[in-house]
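This report describes selected local features of one protein model. The sequence and structure are shown first, and the description follows.

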Amino acid sequence: MENFSLANPVKIIFGKDTIKNIANEIPQGSKVLMTYGGGSIKKNGVYDQAVKALSGFEWYEFSGIEPNPHYETCMKAVAMIKEKGINFILSVGGGSVLDATKFISAAVCFEEGDPWMILKGGKIKKAMSFGDIITLPATGSEMNNGAVITRAETTEKLAFASPLTYPKFSVLDPTVTYSLPPRQTANGVVDAFVHVMEQYLTYNEGDSLLQDNMAEAIVKTLVAEGPKALKEPTNYDVRANLMWASTWALNGWIACGVPEDWATHMIGHEITAFYGLDHAQTLAIVLPGVMTVLKEQKGKKITRLGKEVFGIQGDDAIDKTIKAVEDFFESMGVKTHLSDYGLGDEAIIKVAERLASRGWKLGERQNITPDVIKEILTIRK
Ligand code: NZQ
Ligand code: ZN
């Protein structure tokens, strides 16, 4: 096991009817900005619950944060915060609203020029406090310090993380996920599944047993509960298990002391930046390709995944496991080939060239070069 340090300060408030508790978590006297997306919270009652809980505060709202949130939109919220003298942000929505909120909280305090620099490695020295009501189990953003922001003008989608951008609190009420459309429920399950794979499916085998067992527990939960959530969208325990599993998939614990990959995400982000696919759709395309091309390096772990999660043993266990992963994504209704989304050679070249221009070496061994990216995407046509 590699050395590690761990500090996760997020207060989790989990369960039915817990949105009202935000009144006790936001410091008294705060001027609050509620951030939200395209309006799903107005249809499912979450907005009304948040408004009620904010009744003792002076508060404002900023809506219209889009999926794969835009830098340009975030900067409008930054201007509003400065104009109104706001000092606390409440994010109400999915990972996109929360990621935007993380960026806004850092951008409003950024004094070293254009806040876009934050996405280019600029150091965050200060950030405004924020909390969230998360409405879509997927990203783990509710219990991590990372965010992914898109600049529409340049079709760039980049991530940042800082010890200063953890939420102060996150409210996880599984009943708010009853209203998710099947596509978003499925996206969430696939995203969380792939988060675990990025931290588990590496050359590492046998020297971080607790993390491996924890990773498998999360994936087994997703595989068992994901299909049920599509059939029984208002089953509380199914929704609760999915919500907690998604949070655990990316809250830092299973990353302790292990190598990490993240190639699937980095390739996927470029596909979204250029072609607008949902985040999870890109992952469902790329992960089986990464597993296939890197099957020697990742073989022992793929074999273990097959045995522990899908009950696969014996001849061709690696290939059967890769197929089982692909079949699981398809069974959730998330298509796994570029052609399913009308993409082909042009996209492969564009994505590989963009990643080549960044000079990144991807994967836990930094051996996923632009040529390997082309190979991965070519088998996913
Ligand atoms: O905008 P509204 O109207 O709220 O609708 C949203 C949106 O259209 C809707 N939705 C959310 N909760 C709902 C709901 N509809 C009905 N009922 C509810 N309870 O779902 C749609 C998608 O929402 P979005 O927030 O975009 O989805 P998700 O949570 O999957 O977030 C995706 C974003 O997170 C980033 C992705 O790259 C992408 O930009 N990621 C963030 C990470 C992190 N911070 O750690 C890690 C991930 O790997 C990921 O990259
Ligand atoms: Zn993801």
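## A buried threonine and its surroundings

In this predicted model, the side chains of Thr 336 and Glu 330 are joined by a polar contact of 2.7 Å. Thr 336 belongs to the loop between α12 (317-331) and α13 (345-358). Its relative accessibility is 0%, so Thr 336 counts as buried.

When neighbours within four places in sequence are set aside, the residues in contact with Thr 336 are Ala 284, Ile 285, Glu 326, Phe 329, Glu 330 and Arg 380.

## The zinc site

Four residues coordinate the zinc ion (ligand 2): Asp 191 through OD, and His 195, His 265 and His 279 through NE2, at 2.0 to 2.2 Å. Along the chain, the donors follow the spacing D-x3-H-x69-H-x13-H. Because His 195 lies in helix α6 (residues 182-200) and His 279 in helix α10 (residues 279-293), this pair ties together parts that are 84 residues apart in sequence.

His 195 is buried, with a relative accessible area of 2%. His 279 is also buried, at 16%.

## Packing of helices α7 and α8

Helix α7 (residues 209-231) packs against helix α8 (residues 236-249) at an angle of about 145°, and the axes are 9 Å apart. The crossing of α7 past α8 is left-handed.

On the α7 side, the residues making the contact include Met 214, Ile 218, Leu 222 and Glu 225. Those of α8 include Val 238, Arg 239, Leu 242 and Trp 248. Classified by residue type, the contact of α7 with α8 has 9 nonpolar, 3 polar and 4 charged residues.

Terms used. Residues are numbered from 1 along each chain as its sequence is written. Chains are lettered from A and ligands numbered from 1 in the order in which they are written. This is a predicted model: local features need pLDDT of at least 70, side-chain atom pairs count only at pLDDT 80 or more; totals for chains, interfaces and linings use all residues. Side-chain values use heavy atoms; hydrogens and water are left out. Donors are N, O and S atoms within 2.8 Å of the metal (3.2 Å for Na, K and Ca); water is not among the atoms, so sites may look incomplete. Helices (H or I, at least four residues) and strands (E, at least two) are DSSP runs, numbered from the N terminus. Buried means under 20% relative accessible area, exposed over 50%, partly exposed in between (1.4 Å probe, protein chains only). A polar contact is a pair of N or O atoms within 3.5 Å; within protein, one must be able to donate a hydrogen and the other to accept it, and residues adjacent in sequence count only if both atoms are side-chain atoms. Contact means heavy atoms within 4.5 Å. Axes are lines fitted to C-alpha atoms, for helices over the stretch in contact, and angles run from 0 to 180 degrees between N-to-C directions. A crossing is left-handed if the near helix is turned anticlockwise from the far one by less than a right angle, and right-handed if clockwise. Ala, Val, Leu, Ile, Met, Phe, Trp, Tyr, Cys and Pro count as nonpolar, Asp, Glu, Lys and Arg as charged, and the others, Gly among them, as polar.
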